[in-house]
Amino acid sequence: WVNVIYGCNERCTYCIVPTTRGVEQSRPVESIVQEVKELVAQGYKEVTLLGQNIDAYGRDMIPKRKFSDLLRTVGEVPGLK
């Protein structure tokens, strides 16, 4: 499991995530790619990108990023299937 975004900006009446984990904070692409490379070096062939509201990845970044771009970048890591 590789966390790519923490927190959530939604305020669903039944959910405590925004209160306990704060607002959305996307991890830098470089940090995510480095973690994936380390996992591949340990023998992992697959990774799961994780986030409470994963499709919001990059909206909080300047410049904004897209989750689809992150998927492409991570997918290019050698040794990942």
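Modeller: A word on terms before we begin: helices and strands are DSSP runs, numbered from the N terminus, with helices of at least four residues and strands of at least two. Please also note that this is a predicted model.
Biologist: Fine. Where is Arg-27 placed?
Modeller: Arg-27 sits in the loop between β2 (25–26) and α2 (29–41).
Biologist: Is Arg-27 buried or exposed?
Modeller: Arg-27 counts as buried because its relative accessibility is 13%, and the cut-off for buried is under 20%.
Biologist: What does the Arg-27 side chain make a polar contact with?
Modeller: The partner is the side chain of Ser-31, at 2.7 Å. Beyond the neighbours within four places in sequence, Arg-27 is in contact with several residues, including Val-2, Asn-3, Glu-35 and Tyr-57.
Biologist: And Ser-26, which strand is that in?
Modeller: Ser-26 belongs to strand β2. Ser-26 is buried as well, at 14% relative accessible area.
Biologist: Which groups does the Ser-26 side chain reach?
Modeller: One is the backbone nitrogen of Gly-58, at 2.9 Å. Another is the side chain of Asp-60, in a polar contact of 2.6 Å. Once neighbours within four places in sequence are set aside, the contacts of Ser-26 include Val-4, Ile-5, Ala-56 and Met-61.
Biologist: Changing topic: is the peptide bond from Ile-62 to Pro-63 cis or trans?
Modeller: The bond from Ile-62 to Pro-63 is cis, with omega near -5°. Most peptide bonds are trans.
Biologist: Where does Pro-63 lie?
Modeller: Pro-63 is in the loop between β3 (49–51) and α3 (67–75).

Notes. Residues numbered from 1 in each chain as written. Predicted model: local features only at pLDDT ≥ 70, side-chain atom pairs only at ≥ 80, totals over all residues. Heavy atoms only, no water. Buried < 20%, exposed > 50% of the residue type's maximum accessible area, 1.4 Å probe, protein only. Polar contact = N/O pair within 3.5 Å; in protein donor to acceptor, adjacent residues only side chain to side chain. Contact = heavy atoms within 4.5 Å.
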